[in-house]
Amino acid sequence: MMLPKPGIYYFPWEVCAGQVPDGDTLRTFGRLCIYDMTQSRVTLMAQHGSDQHEVLVCTKLVEPFQAQVGSLYIVLGELEHQKDGGSMVKARVLTCVEGMNLPLLEQAIQEQRLYQQERDRSQ
């Protein structure tokens, strides 16, 4: 059995900007602001500079779950481009990480990318 890919970290603003290829496994984060049970979807919000970014997440595979509106979540799943031009993450894992240091997470993602780039260059 093939295991799914571990999921590359993308910032929510990169997901919104269409920088993730369709079908790719990704991890991203945001504050849960809307949970629509009837549609099995949540909206995660993230602030970047003065801009607010929204990431739509399909929750069919992780229900039932305890949605804590306003709390910070990390999602792991596959990106699906929608007909309207937007995109949605089909969540395999949706974890509440309230209390986590967000600037440190962002810094860790940047550091990981630099490391990967250097590693790829040296190979």
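The residues that line the largest pocket divide into three nonpolar, five polar and four charged, where Ala, Val, Leu, Ile, Met, Phe, Trp, Tyr, Cys and Pro count as nonpolar, Asp, Glu, Lys and Arg as charged, and the others, Gly among them, as polar. The model is predicted, with local features requiring pLDDT of at least 70 and side-chain atom pairs counting only at pLDDT 80 or more, while totals for chains, interfaces and linings use all residues. Residues are numbered from 1 along each chain as its sequence is written, and side-chain values use heavy atoms, with hydrogens and water left out.

The lining of the largest pocket comprises 12 residues, of which G7, I8, Y9, Q112 and Q116 lie nearest the centre. A pocket is here an open set of points on a 1 Å grid over the protein atoms alone where a 1.4 Å probe fits, with protein on both sides within 12 Å along at least five of seven lines, and lining residues have an atom within 4 Å of a point. The space in this pocket amounts to about 330 Å³, the volume being that filled by probe spheres set on the points, which are joined across faces, edges and corners. Strand 1 (8-9), strand 2 (25-36) and helix 2 (102-122) each contribute at least two lining residues, and helix 2 provides the largest share, three residues; helices (H or I, at least four residues) and strands (E, at least two) are DSSP runs numbered from the N terminus.

The largest nonpolar core contains 17 residues, with L44 and V57 having the most contacts inside it. Such a core is a set of buried Ala, Val, Leu, Ile, Met, Phe, Trp, Tyr and Cys residues joined through side-chain atoms within 4.5 Å. At least two residues of this core come from each of strand 2, strand 3 (41-48), strand 4, strand 5 and strand 6 (87-96). A second, separate core of 10 residues includes Y9, F11, F29 and L72.

V75, located in strand 5, counts as buried at 0% relative accessibility, the classes being buried under 20% relative accessible area, exposed over 50% and partly exposed in between (1.4 Å probe, protein chains only). Not counting residues up to four places away in sequence, V75 touches L26, R27, T28, L44, V57, V89, A91, V93 and L94, contact meaning heavy atoms within 4.5 Å. V75 and R92, 17 residues apart in sequence, have a C-alpha to C-alpha separation of 7.6 Å. S71, in the loop between strand 4 (51-58) and strand 5 (72-81), is likewise buried, with a relative accessible area of 9%. Leaving aside neighbours within four places in sequence, S71 is in contact with G30, R31, L32, C96 and E98.

Five aromatic pairs are counted, under the rule that rings of Phe, Tyr and Trp (its six-membered ring) pair if their centres lie within 6.5 Å, with planes under 30 degrees apart counting as stacked, over 60 as edge-to-face and the rest as tilted. The ring centres of F11 and F29 are 6.3 Å apart and their planes stand at 90°, so this pair is edge-to-face. F11 is in the loop between strand 1 and helix 1 (12-16) and F29 in strand 2, 18 residues apart, and both are buried. The pair of Y35 and F65 is tilted, at 4.9 Å centre to centre and 55° between the planes. Y35 is partly exposed, with a relative accessible area of 22%, whereas F65 counts as buried at 17%. Ring pairs also link F11, W13 and F29 into a cluster.
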